[in-house]
Amino acid sequence: MSVAKKVYKRVTVKSLTEMKQSGEKISMLTSYDYSMAKIVDEAGIDVILVGDSASNVMAGHETTLPITLDQMIYHASSVVRAISRCLVVVDIPFGSYQSDPKEALRSAIRIMKESGAHAVKVEGGKEIKESVKRILHAGIPVMGHLGLTPQSIYKFGTYTVRAKEKSEAEKLIADAQLLERLGCCAIVLEKIPAALAKEVSESISIPTIGIGAGNGTDGQVLVIHDLLGMTHEFNPRFLRRYMNLYEEMTDAIGKYVADVKSQDFPNEEEQY
Ligand code: KIV
């Protein structure tokens with residue numbers, strides 16, 4: 001079903017609620033640097049997530065755990081300098097909000113002050129309730145993240161679909177309702193059954209943004225490197241690739257190498 005799109009000169013957290021109310025789906029993508037964020041913003045995305053997936057796709061770590069608060073602020077400030085329309089949400093990294101609410105608030109304030117971003121994202125429900133409250137009381141919008149929460153990967157053991165069991169599904173619904181009551185602006189639902197994601201989305205008034213959670217959520221998010229086909233070894237069922245940039249880049253770079261070796265580059269017109 002297609003819904004008339006309201007034109008937002010600037011997307012705010014309020015716009016996300018309006019989109020849910022009007023049935024317009026929210027588009028969110030990750031970005032971590034100036035050049036990519038500029039393209040993503042100009043292409044019309046609603047939200048850029050400066051995800052801690054930067055730890056994987058930018059730094060080459062196996063998990064999101066090693067990335068630091070300083071590194072997240074560096075990525076976020078590069079993104080903020082590039083955008084003129086979209087909302088910028090930044091992951092508070094592992095170890096910067098779990099120990100106590102004061103630390104959580106300090107980390108959120110650093111992100112907002114030093115990067116100029118518009119909101120922060122944290123993983124978890126009831127366990128981080130006090131931290132979420134504290135950040136929200138300071139006037140900082142918070143996006144939640146439930147289901148597969150990669151910062152807890154060593155607790156889960158695998159990246160498989162979460163909340164297939166009744167007890168985990170019930171906890172997820174309760175956590176989503178709690179995050180709504182606390183005042184979160186939206187919730188990412190990662191890798192959970194589509195029926196559960198739809199049920200959660202229909203049971204709360206704040207938007208849900210899914211990744212591997214079917215089409216019953218109020219929006220979708222992907223990691224930009226996956227969408228562009230740069231991470232060619234990563235093939236989860238939920239991923240739709242819109243390009244094969246890995247092949248296109250390999251091909252282009254191969255041609256450049258050949259042109260340099262054969263002295264075809266630079267030619268007469270390409271020199272002073
Ligand atoms: O860090 C990230 O990219 C994320 C998305 C997968 C939602 O949290």
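The dialogue below treats the sheet, the salt bridges, the ligand site and the backbone geometry in turn.

Visitor: What kind of model is this, and how are residues numbered?

Guide: This is a predicted model, in which local features need pLDDT of at least 70 and side-chain atom pairs count only at pLDDT 80 or more, whereas totals for chains, interfaces and linings use all residues. Residues are numbered from 1 along each chain as its sequence is written, and side-chain values use heavy atoms, with hydrogens and water left out.

Visitor: How are the strands of the sheet arranged?

Guide: Strands of a sheet pair through backbone hydrogen bonds, either parallel or antiparallel. Helices (H or I, at least four residues) and strands (E, at least two) are DSSP runs numbered from the N terminus, and two strands pair if DSSP finds at least two bridges between them. Here eight strands form a closed barrel in the order β1-β2-β3-β4-β5-β6-β7-β8, with parallel pairing. On average, neighbouring strands of this sheet are turned by 25° against each other, direction ignored; the axes are lines fitted to C-alpha atoms, and angles run from 0 to 180 degrees between N-to-C directions.

Visitor: Over how many bridges do β1 and β8 pair?

Guide: Strand β1 (residues 26-30) pairs with strand β8 (residues 219-222) over four bridges, in the parallel sense. Within this pairing, L29 stands opposite L222 in β8.

Visitor: How many salt bridges are found in the whole structure?

Guide: A salt bridge is a side-chain nitrogen of Lys or Arg within 4 Å of a carboxyl oxygen of Asp or Glu. The search of the whole structure finds 15 of them. One joins E18 to K6, with the closest N and O atoms 3.1 Å apart. E18 lies in helix α1 (residues 13-22) and K6 in the segment before α1, so this pair ties together parts that are 12 residues apart in sequence. K6, K14 and E18 are linked in a network of salt bridges.

Visitor: Which side chain meets E127 in a salt bridge?

Guide: E127 meets K171, at 2.7 Å from N to O. This pair links distant parts of the chain, 44 residues apart: E127 is in the loop between β4 (119-121) and α6 (129-137), and K171 in helix α8 (residues 166-182). For exposure, buried means under 20% relative accessible area, exposed over 50%, and partly exposed in between (1.4 Å probe, protein chains only). E127 counts as exposed at 55%, whereas K171 is partly exposed at 38%.

Visitor: Which residues surround the ligand?

Guide: A residue is counted as near a molecule if one of its heavy atoms lies within 4 Å of it. The residues around the ligand include T30, K121, H145 and E190. A polar contact is a pair of N or O atoms within 3.5 Å. An oxygen atom of the ligand lies 2.5 Å from an N or O atom in the side chain of S53, and a polar side-chain atom of D91 lies 3.1 Å from an oxygen atom of the ligand. Taken alone, the ligand exposes 260 Å², of which the protein buries 95%; the areas come from the Shrake-Rupley method with a 1.4 Å probe.

Visitor: Where is the peptide bond that is cis?

Guide: Most residues other than glycine have a negative phi, and most peptide bonds are trans. The bond from F265 to P266 is cis, with omega near -5°, and P266 is found in the segment after α11 (245-261). A163, although not a glycine, has a positive phi of about 60°; it lies in the loop between α7 (153-156) and α8 and counts as buried at 4% relative accessibility.

Terms used:
Polar contact = N/O pair within 3.5 Å; in protein donor to acceptor, adjacent residues only side chain to side chain.
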